[in-house]
Amino acid sequence: MSKVSVEYDIKEFRNIGSYEEFDEGFVLELVDCIESAFDGNITPDDALKHISGEQILVATDSASETILGFAATSSHNPAEYFGISDLPDSNGLYLAGAAIRKEIQGLGLYSRLNRRRLQLALDNNLDIIFTRTQNPRVQEGLTRLFDQLVSEEAIRSYVMGSVVCKSAYGHMLTGSIPTARELQLDLDYQAGDAVIITWTIEKI
């Protein structure tokens, strides 16, 4: 599959407690998508742990129904969830596992999935959105979406914060150090460092 325009559909699943709620073929294809996104540096067991949440979005090719990407979202208190007192201490929306098949990365699918996830926060009156990542493109892309929400007057403003989490993953998740247009993260990738990013929004 070359990097050309791809037509896709997005399916939404709610309140999924475990990957076992899906049929085996669907789960195997989800795992294949996740492994593609991370150059095979994610083990199948790690991938399976991410297939749960209050909302799971799965994007499939409109013609072949091949899974092109997915995003899992759940509600947690970030300070309690990560055991870090410097994080906000109230319930928020956690942007958990997400993956876009490698050959279609950069075509806007990740942004579209994230826009749906952020809408879930607005619909549920959650003021805190947070995620954990090694990839500066994740932070850049999400921050652009918050800027769009401000310009569209969907929210009044937001404040972003970040905390480095040492050895969060135990190893680098991707085959090479991820880079972004402007932002670089000061992480020890080989040790598995990650950054936890929070966005606290003020509603209109």
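Tutor: Let us begin with a term: helices and strands are DSSP runs, numbered from the N terminus, and a strand needs at least two residues of type E. Asn-15, for example, has its place in strand β1, which covers residues 8-16. Please keep in mind throughout that this is a predicted model.

Student: How many helices and strands does the chain have, and in what order do the elements run from the N terminus?

Tutor: There are five helices and seven strands in the chain, and, read from the N terminus, their order is β-α-α-β-β-α-β-α-β-α-β-β.

Student: How does the radius of gyration of the chain stand against that of a compact globule?

Tutor: A compact globule of 204 residues would have a radius of gyration near 17 Å, and the 16 Å of the chain agrees with this. Along the principal axes, the C-alpha atoms fill a box of roughly 40 × 40 × 35 Å. As for contacts, if we take those between residues at least 6 apart in sequence, 71% of them join residues at least 24 apart.

Student: What share of the residues is buried, and which residues have the most contacts inside the largest nonpolar core?

Tutor: In soluble globular proteins, nonpolar side chains tend to be buried together. Here, buried residues account for 47% of the 204 in the chain. The largest nonpolar core has 22 residues, and those with the most contacts inside it are Leu-93, Leu-118, Ile-129 and Phe-146. At least two residues of this core come from each of β4 (92-100), α4 (109-123), α5 (136-151) and β7 (194-202), and α5 gives the largest share, with five residues.

Student: Which residues does Leu-93 contact beyond its neighbours in sequence?

Tutor: With neighbours within four places in sequence left aside, the contacts of Leu-93 include Thr-73, Arg-117, Leu-120, Ile-128 and Phe-130.

Student: Returning to Asn-15, is this residue buried or exposed, and which residues does Asn-15 touch?

Tutor: Exposed means over 50% relative accessible area, and Asn-15 counts as exposed because its relative accessibility is 60%. Residues up to four places away not being counted, Asn-15 touches Glu-21, Gly-53 and Glu-54.

Student: Where is Leu-183, and how far is its C-alpha atom from that of Phe-22?

Tutor: Leu-183 has its place in the loop between β6 (157-165) and β7, and its C-alpha atom is separated by 37 Å from that of Phe-22, a residue 161 places away along the chain. Since its relative accessibility is 25%, Leu-183 counts as partly exposed. Beyond its neighbours within four places in sequence, Leu-183 is in contact with Pro-136, Gln-139 and Glu-140.

Student: What is the phi of Asn-125, and what is that of Ser-167?

Tutor: Most residues other than glycine have a negative phi. Asn-125, however, has a positive phi of about 55° although it is not a glycine, and the phi of Ser-167, also positive, is near 50°. Asn-125 is found in the loop between α4 and β5 (128-133), and with 56% relative accessibility it counts as exposed. Ser-167 lies in the loop between β6 and β7, and at 44% relative accessibility it counts as partly exposed.

Methods. Residues are numbered from 1 along each chain as its sequence is written. This is a predicted model: local features need pLDDT of at least 70, side-chain atom pairs count only at pLDDT 80 or more; totals for chains, interfaces and linings use all residues. Side-chain values use heavy atoms; hydrogens and water are left out. Helices (H or I, at least four residues) and strands (E, at least two) are DSSP runs, numbered from the N terminus. The radius of gyration is taken over C-alpha atoms; the globule rule is 2.2 Å times the number of residues to the power 0.38. Buried means under 20% relative accessible area, exposed over 50%, partly exposed in between (1.4 Å probe, protein chains only). Contact means heavy atoms within 4.5 Å. A nonpolar core is a set of buried Ala, Val, Leu, Ile, Met, Phe, Trp, Tyr and Cys residues joined through side-chain atoms within 4.5 Å.
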